[in-house]
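Please open the model in your viewer and keep the selection tool at hand. The stops below proceed from one selection to the next.

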Amino acid sequence: MAILSVKNISKSFDSTEVLKDVSFDLDAGETIAIIGSSGSGKTTLLRCLTFLEKPTTGTVAVRDEVIIDAADTTKLGDELIRERRSHFGFVFQSFNLFPQYSALRNVTLARELQAKEQPDFKANRKAILEEIENEGRELLAMMGLADRADYYPHQLSGGQQQRVAIARALALKPDILCFDEPTSALDPELTGEVLKVIRSLADQKTTMIIVTHEMAFARDVADRVIFMDGGVVIEQGPAKEVIDNPQNERTRHFLARYNEH
């Protein structure tokens, strides 16, 4: 059963149409890799799913509940946007950690803010914060960063910062984890450690959408691949089939060009 259903999403900036009628489903425990050239609409699609952009047309449903309907002109309040956005965790290209906070604090901050809105927070403040801290430490340990909890971002390598960002996204227990080219800001030496973490999440059946330029990684880790070009889904299917034996000429051209590098 689909945990996410994206139907006919389009997005225009002024007269430029960046996404055109994009549709796909994502099952619980499934990993989808989205590939394509720069400017093909991959990042804009993720931003539309996570309320960072409003689509021009289309709907997005999570667990059969429509959370985004471009035809609905009702202005959503901040609280409702936060609630609907909480279905998604987002890992950015450039980490986006708070430089003034430790790795642990970066991971736990959003959970603390969320907890403070609950009616029982004041009565159970100490126990709740202790639980959040313990969960944050567990997530950092899962990322191989148990000994870096008190380090600040400037004291961490790029790969370590990205792993902190992944832990932060997981802390809110999202239904779907989204990655926007998570290794593009990393040196090749550091790319492997981040891909290893994402691979382990896939092995644990974490539901994920990964925008990536790592073709071998997409083939080996993703269940399905979506190839986009010019804001359109050109081809989608099982990862190994799409990457090893693409059916569409544009997909073949993209992969051949990519393999040349």
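The structure holds zero disulfides, a disulfide being a pair of cysteine sulfur atoms within 2.5 Å. Select C48: the nearest cysteine sulfur is that of C178, 12 Å away, and C48 is in no disulfide. C178 likewise is in no disulfide, with the sulfur of C48 12 Å away as its nearest. C48 counts as buried because its relative accessibility is 1%; buried means under 20% relative accessible area, exposed over 50% and partly exposed in between, with a 1.4 Å probe and protein chains only. C178 counts as buried at 0% relative accessibility.

The model is predicted: local features need pLDDT of at least 70, side-chain atom pairs count only at pLDDT 80 or more, and totals for chains, interfaces and linings use all residues. Residues are numbered from 1 along each chain as its sequence is written, and side-chain values use heavy atoms, with hydrogens and water left out.

Next, select helix α6, residues 188-203. Helices (H or I, at least four residues) and strands (E, at least two) are DSSP runs, numbered from the N terminus. At 1.5 Å a residue, the 16 residues of α6 should span 22 Å, and the 23 Å between its end C-alpha atoms agrees with this; the expected span is 1.5 Å times one less than the number of residues.

Which residues of α6 are buried? They are L190, T191, V194, L195, V197, I198, L201 and A202. These residues cover an arc of only 155° around the axis, so they lie on the same side of α6; the arc is that of the directions from the helix axis to the C-beta atoms. After α6 comes K205, which has a positive phi near 65°.

Now move to strands β9 (residues 224-229) and β10 (residues 232-238), which run antiparallel and are joined by six bridges; two strands pair if DSSP finds at least two bridges between them. F227 stands opposite E235 in β10. The hairpin has two residues between its strands, and G230 takes a positive phi near 60° there.

Finally, select T251 in helix α9, residues 249-260. T251 is buried, its relative accessible area being 0%. Leaving aside residues up to four places away in sequence, T251 touches F227, I234, E235, V242 and P246, where contact means heavy atoms within 4.5 Å.
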